[in-house]
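Reader: I would like to learn how to read a structure like this one, feature by feature. Could you begin with the general idea each time and then turn to the case at hand?

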Number of protein chains: 2
Amino acid sequence: MAAPIEFYFDFSSPYAYLASERIEALAAKYGRGVDFRPILLGAAFKACGTPLLIEVPLKGDYSRHDFARSARFAGVPFVLPDPFPISTVGAARTLLWLKEAFPERANDFLHAAFRAYFAQGRNLSEGPVLLDVVRQCGLDPEQAAAAIAEAPIKARLKAQVDEALARGVFGAPFIFVDGEGFWGNDRLPQVERWLAQGPF
Amino acid sequence: MAAPIEFYFDFSSPYAYLASERIEALAAKYGRGVDFRPILLGAAFKACGTPLLIEVPLKGDYSRHDFARSARFAGVPFVLPDPFPISTVGAARTLLWLKEAFPERANDFLHAAFRAYFAQGRNLSEGPVLLDVVRQCGLDPEQAAAAIAEAPIKARLKAQVDEALARGVFGAPFIFVDGEGFWGNDRLPQVERWLAQGPF
């Protein structure tokens, strides 16, 4: 099987949520898996001097409208949560822990967490919400809470953010196929061409 | 015939160039025309505090790569010109003049000017290059040079930039269909759905 698609994202990115709902089917069509790699976009935005999208004059209003319209275009349930954006460090650490401890549950958690925030509007930055999502996935919330408070998981997330920056990741979703980077949900048609034909 | 698609753009925007090569065929498929409206993106970027894309750390390098890859994806000839970006006030005024004086030649000039810069790498901000493009289109360069130096054309461009900002335009291409705004070459699939089905 060919190397998996690497999918860098922040749980607080609406466009990453939309892409997360399609990327596995797209990858599978071409015999690929997906390696979901959570990062914290705040660090990338700081490196680029990027302001928060929704706070930019003109662009902010357009973006709110475009999130929802792009979701309808993709046929994916969406609400703009309040608060938005949020800190997603807990969700990111939980996913990294699961990828190691219960890899067969990791993607279930990923989708449940994204949907809790962007389809149900639940505040994923709050511990009880996060742990309820963990519970929904048939996992032990106490075990999760203990695991993500440990230094190794914290260090792993920091290392993944640093690695992403070193690879040129400045937004989400940021998708690598055979080392070629594609930024944004709206680059999925180009990702598909690359999967189908190779370099173009 | 339904109202034309309004296509706001700057002659210095690579993504607007790519979209300009497809938008008329897309519009015609749904019985629409295209009203090309040149603006100066510098004014919009100032209103939003947006830096130049290619000067942003990480994003700048990605963008250069993405311009060319998106052109190959679309099957449109492309070179990243040097210098880039440039002042496009002369080309914008020329198009506005033509839309009034020789409307049947306006879109020929638009495509010839975009291609001179983004397919042939000619510096469209230089008077002789601009006037050579005018000549190529079967128009009189001296008449063009005189017309675009007049106050009414200057005022018309300024008014169009102000109108664009008032409508929320912050980048290019910015496309309105029946009042609904779509930003970016990568929103053409959504533009097509709107043309085909109406609001979604």
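Author: Let us start with burial: a residue is buried if 20 or more other C-beta atoms lie within 10 Å of its own, exposed if 12 or fewer, and partly exposed in between, with the C-beta atoms placed from the backbone. What you see is a predicted model, in which local features need pLDDT of at least 70 and side-chain atom pairs count only at pLDDT 80 or more, while totals for chains, interfaces and linings use all residues. Residues are numbered from 1 along each chain as its sequence is written, and chains are lettered from A and ligands numbered from 1 in the order in which they are written.

Reader: Is L131(A) buried, partly exposed or exposed, then?

Author: L131(A) has 19 other C-beta atoms within 10 Å, and is therefore partly exposed. L131(A) belongs to helix α7 of chain A, residues 127–136, where helices (H or I, at least four residues) and strands (E, at least two) are DSSP runs, numbered from the N terminus. Leaving aside residues up to four places away in sequence, L131(A) touches P141(A), A144(A) and A145(A). The C-alpha atoms of L131(A) and P141(A) are separated by 5.2 Å, although the two residues stand ten residues apart along the chain.

Reader: Which loop of chain B holds E150(B), and is E150(B) buried or exposed?

Author: E150(B) lies in the loop between α8 (141–148) and α9 of chain B, and with 12 other C-beta atoms within 10 Å it is exposed.

Reader: How should I read the way in which two helices pack?

Author: Axes are lines fitted to C-alpha atoms, for helices over the stretch in contact, and angles run from 0 to 180 degrees between N-to-C directions. Angles under 35 degrees count as roughly parallel, over 145 as roughly antiparallel, 65 to 115 as roughly perpendicular and the rest as oblique. In chain A, helix α5 (residues 89–101) and helix α9 (residues 151–166) pack at about 105°, with their axes 9 Å apart, and α5(A) and α9(A) are therefore roughly perpendicular to each other. On the side of α5(A), the contact is made by A92(A), R93(A), L96(A) and W97(A), and on the side of α9(A) by I153(A), K154(A), R156(A) and L157(A).

Reader: How are the two chains related, and what does each give to the contact?

Author: Copies are superposed by least squares on the C-alpha atoms of residues with pLDDT of at least 70 in both. Chain A can be laid on chain B with an RMSD of 0.0 Å by a turn of 180° and a shift of 0.0 Å along the axis, which is the relation of a two-fold axis. The same surface serves both copies, since 100% of the contact residues of chain A recur in chain B. The contact takes 19 residues from chain A and 20 residues from chain B. On the side of chain A, the elements giving two or more residues are α3 (41–48), α4 (59–74), β4 (180–183) and α10 (188–197), and α4(A) gives the most, with six residues.

Reader: What is there to notice in the backbone angles?

Author: Most residues other than glycine have a negative phi, and most peptide bonds are trans. D178(A), in the loop between β3 and β4 of chain A, has a positive phi near 50° without being a glycine. A cis peptide bond joins F84(B) and P85(B), with omega about -10°, and another cis bond runs from A172(B) to P173(B), with omega near -5°.

Definitions and conventions. Contact = placed C-beta atoms within 7 Å.
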